[in-house]
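Biologist: Please put the structure up. I would like to go through some strands, a loop residue and a helix pair.

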Amino acid sequence: MIEGVPMTILSPPKLPLRSPKVILIGAGMTGILMTIKLRETGITDITILEKKESLGGTWRENTYPGLACDVPSHMYTYSFEPNPEWSHLCAHGSEIREYFERVGRKYGVTEKVLFNEAVTRSIYDEGQWTVTSSKGNTYIADFIINCTGILHHPAKPDIKGIETFDGDMFHTAEWNHTVDLAGKRVGVIGTGSTAAQVIPEVAKAASKLSVFQRTPQWIFPWANKTVSEKSKKKLRDNPNRVRRLRNLYVWMMANLLTKATAGHQPQRALLSVTCQLNLKLSIKDKSLRKKLTPDYAVGCKRLVVNKTFYKAVQRNNVDLVTEGIAEITPKGIKTRDGKEHELDALVLSTGFQNFNFMRPMDMRGKGGLKIDDAWSKKIQAYRSMFLPNFPNSFLMLGPNTPIGNYSVIAMSEVQCAYILKIICRWQQGDFDEIDVKPSAFKSFNEYLKAGMSKTVWVGGCQSWYLDDDGDPALWPYSWQQWKKEMKEPKMGDFITKKFPIKTENTNKKKKVAAVA
Ligand code: NAP
């Protein structure tokens with residue numbers, strides 16, 4: 001059972017249940033989850049297509065030094081698969097990747113994934129999706145579930161001269177482990193959550209590190225404590241302890257940090273004071289403190305949770321450069337004051353194109369409607385999961401899923417349960433095609449918009465949360481509200497259809513492989 005959401009099949013079932021063919025795109029955190037839960041519901045005809053060679057999604061892609069979660073690990077797990085073995089309060093990236101790999105093996109997901117097979121196209125027609133892969137294979141399904149994640153397309157800065165740089169240059173999500181930064185003059189562009197983790201590690205190795213900061217960040221001081229062997233044993237010996245610890249973090253994150261970042265008082269006031277004090281107590285030098293002081297409200301940009309960044313920028317070999325970047329030259333970076341910062345290597349910690357979702361896949365819904373056209377004006381969804389004119393398809397972690405710093409695993413478990421309830425209705429023969437009503441899509445997005453104006457995210461800062469209209473692509477309400485809203489599908493918000501039964505002769509397309 002997924003936390004707070006009973007995985008009940010809708011009753012009373014009209015037997016016999018139909019068995020749908022389901023295609024999952026992506027084998028990261030949400031793809032693994034969906035596979036496990038579909039199979040628990042008795043759905044076994046599942047094809048999982050993964051563009052890379054292993055499971056893990058963002059935790060496979062990102063391997064930069066210092067990589068760790070910034071949500072407490074005992075909470076950043078599947079609710080049905082607690083882990084008493086986490087080594088730190090916030091586990092390191094490799095440990096999280098191993099967790100997903102272990103879960104994948106335990107539930108028999110890994111052996112069924114078609115690796116190195118990216119979906120290039122998916123086309124809908126009368127209750128069926130035809131999916132084409134990079135290997136030229138074609139698959140047919142009743143449903144497709146896009147488990148493609150949010151933060152996986154690196155955003156490379158469009159800075160004049162970037163292509164002329166003579167040294168080694170790479171994005172944090174494409175870390176080049178063949179480059180030894182020891183004793184080198186290194187530059188890091190960016191000071192977001194990733195940079196705050198990577199900078200302390202690079203500073204230890206480099207002879208000189210120049211940090212190019214465009215906008216300072218508020219930092220919530222949470223030391224990443226190690227979990228002692230004694231504590232791990234206690235957790236291992238008593239599963240109730242793991243559950244209680246998880247519940248404690250869920251409570252803290254949901255009622256303090258998440259509410260604070262969504263703009264609730266007095267949590268927001270408490271968070272602001274904590275971050276301001278952290279800056280004051282951590283940075284002794286007044287001019288450096290001034291450079292690191294944001295001019296926007298705490299939480300407006302995604303809150304950086306970190307205890308090592310401030311120490312790192314005060315090291316003798318670290319220079320915080322706040323002059324704007326004028327251009328990148330073969331030798332390094334020239335700032336607007338005319339100074340050239342000579343560099344041997346340049347790390348781009350410049351974030352992600354988080355509005356891509358399942359693209360660049362060529363996805364076409366009813367009447368050949370392309371996803372790029374459907375989203376040409378604004379990237380939105382109904383309940384983060386549905387797009388009008390793209391029937392029988394779901395989006396995990398779609399637009400407006402994250403809530404500030406809350407665990408996306410918890411959020412996706414709620415989405416998973418919701419999707420299963422829809423599929424169960426298909427199994428019962430209620431419909432062959434389900435599409436969201438444009439009116440429901442519109443009113444849901446109006447409801448989101450009404451909540452956004454009250455959040456701190458629209459407080460005047462620039463962040464990856466915001467779309468071109470300045471609207472945050474986040475859930476503007478509480479975690480509790482998310483669970484309530486996403487618990488039961490409102491069937492009146494959908495248009496459902498039944499099609500005449502197809503005979504074998506009318507459907508000669510290739511069948512998808514069964515998982516179980
Ligand atoms: P980010 O928060 O978008 O930060 C990008 C940084 O690059 C910002 O400091 C930005 O400056 C700077 N930048 C971008 N283009 C630039 C340019 N042309 N010139 C100068 N500076 C430029 O990206 P991120 O740090 O990779 O984090 C993204 C998200 O990933 C996080 O918010 C979080 O959700 C997730 N993440 C999670 C964890 C975790 O532990 N769970 C760890 C790392 C990342 P401005 O602020 O001025 O735009």
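This is a predicted model: local features need pLDDT of at least 70, side-chain atom pairs count only at pLDDT 80 or more; totals for chains, interfaces and linings use all residues.

Biologist: In which order do the strands of the open sheet with β14, β15 and β16 stand?
Modeller: The sheet has 3 strands, and their pairing is antiparallel. β14 (325–328) and β16 (340–342) each have a single partner strand, so both stand at the edges. The twist averages 25 degrees from one strand to the next. The order is β14-β15-β16.

Biologist: Which residue is the bridge partner of K334 in β16?
Modeller: Strand β15 covers residues 332–335. It pairs with β16 in the antiparallel sense, over 3 bridges. The partner of K334 is E340.

Biologist: Are the residues on the two faces of strand β7 buried or exposed?
Modeller: In a regular strand, side chains alternate between the two faces of the sheet. In β7 (residues 143–146), F143 and I145 lie on one side. I144 and N146 lie on the other. Both faces are covered, and these four residues are all buried.

Biologist: Which residue of β19 is the bridge partner of N146?
Modeller: β7 runs parallel to strand β1 (residues 22–25), with 4 bridges between them. There L24 stands opposite I145. β7 also runs parallel to strand β19 (residues 393–395), joined by 3 bridges. In β19, the partner of N146 is L395.

Biologist: Does D432 count as buried or exposed?
Modeller: D432 lies in the loop between α11 (408–427) and β20 (433–436). Its relative accessibility is 12%. The cut-off for buried is under 20%. D432 therefore counts as buried.

Biologist: Which side chain makes a polar contact of 2.8 Å with that of D432?
Modeller: Leaving aside residues up to four places away in sequence, D432 touches R18, G127, N392, W426, K497, K498 and F499. The side chain in the 2.8 Å polar contact is that of R18.

Biologist: How are helices α5 and α6 oriented, roughly parallel or roughly perpendicular?
Modeller: The axes of α5 (residues 229–237) and α6 (residues 239–261) come within 4 Å. They cross at roughly 105 degrees. Angles of 65 to 115 degrees count as roughly perpendicular. So α5 is roughly perpendicular to α6.

Biologist: How many nonpolar, polar and charged residues does the contact of α5 with α6 have?
Modeller: From α5 come K234, L235, R236 and D237. They meet P239, R241, V242 and L245 in α6. By class, the contact has 4 nonpolar, no polar and 4 charged residues.

Note on methods
Residues are numbered from 1 along each chain as its sequence is written. Side-chain values use heavy atoms; hydrogens and water are left out. Two strands pair if DSSP finds at least two bridges between them. Axes are lines fitted to C-alpha atoms, for helices over the stretch in contact, and angles run from 0 to 180 degrees between N-to-C directions. Buried means under 20% relative accessible area, exposed over 50%, partly exposed in between (1.4 Å probe, protein chains only). A polar contact is a pair of N or O atoms within 3.5 Å; within protein, one must be able to donate a hydrogen and the other to accept it, and residues adjacent in sequence count only if both atoms are side-chain atoms. Contact means heavy atoms within 4.5 Å. Angles under 35 degrees count as roughly parallel, over 145 as roughly antiparallel, 65 to 115 as roughly perpendicular and the rest as oblique. Ala, Val, Leu, Ile, Met, Phe, Trp, Tyr, Cys and Pro count as nonpolar, Asp, Glu, Lys and Arg as charged, and the others, Gly among them, as polar.
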